[in-house]
Amino acid sequence: MAVNLYDSAYELEKAVRESDEYKALKQAYDDVNADPSAKAMFDNFRKIQMELQQKQMMGQDITQEEVEQAQKTVALVQQHAQISKLMEAEQRMSMMIAEMNKIIMKPLEELYGAVE
């Protein structure tokens with residue numbers, strides 16, 4: 001009997017939503033959004049992050065001034081307890097997804113061989 005990968009994907013989605021990592025991320029996100037100053041600071045951080053990523057993807061140079069501004073913003077948000085907690089939860093979630101991606105891609109790696 002063939003396995004329906006879409007059903008498995010939806011089961012995986014449900015498992016992610018029920019995971020401790022996701023619940024901690026959602027709680028941290030809700031906490032930041034409930035605090036107007038934290039939300040404004042985090043939104044600004046995200047905006048700068050997205051702008052720099054966009055420039056990189058378009059092959060544009062990032063100026064020293066932009067790098068310094070980004071570093072100042074990171075230092076500022078990391079000092080905010082709620083935002084710092086959210087960033088830590090994002091990191092744990094990202095690690096979990098990267099690990100799941102390795103598992104999902106294993107058959108293709110075995111088929112084609114691992115790329116060094």
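Helices are DSSP runs of H or I with at least four residues, numbered from the N terminus. The structure is a predicted model, in which local features need pLDDT of at least 70 and side-chain atom pairs count only at pLDDT 80 or more, whereas totals for chains, interfaces and linings use all residues. Residues are numbered from 1 along each chain as its sequence is written, and side-chain values use heavy atoms, with hydrogens and water left out.

Tyrosine 29 belongs to helix 2, which covers residues 20-34. Its relative accessibility is 43%, so tyrosine 29 is classed as partly exposed; this class lies between buried, under 20% relative accessible area, and exposed, over 50% (1.4 Å probe, protein chains only). Between the C-alpha atoms of tyrosine 29 and alanine 9, which are 20 residues apart along the chain, the separation is 24 Å.

Helix 5 (residues 81-112) comprises 32 residues and spans 45 Å from its first C-alpha to its last, close to the expected 46 Å, a value given by 1.5 Å times one less than the number of residues. At methionine 105, shortly before proline 107, helix 5 has a kink of about 50°, the bend being the angle between axes fitted to the seven residues ending there and the seven starting there. Just after helix 5, glycine 113 adopts a positive phi of about 90°.

The buried residues of helix 5 include Ile83, Leu86, Met93 and Met100. Helix 1 (5-18), helix 2, helix 3 and helix 4 (64-79) are the elements against which the buried residues of helix 5 pack, contact being defined as heavy atoms within 4.5 Å. Where helix 4 and helix 5 meet, Val77, Gln78 and Gln79 of helix 4 contact Ala81, Ile83, Ser84 and Met87 of helix 5.

How values were computed
Helix = DSSP H or I, 4+ residues; strand = E, 2+ residues; numbered from the N terminus.
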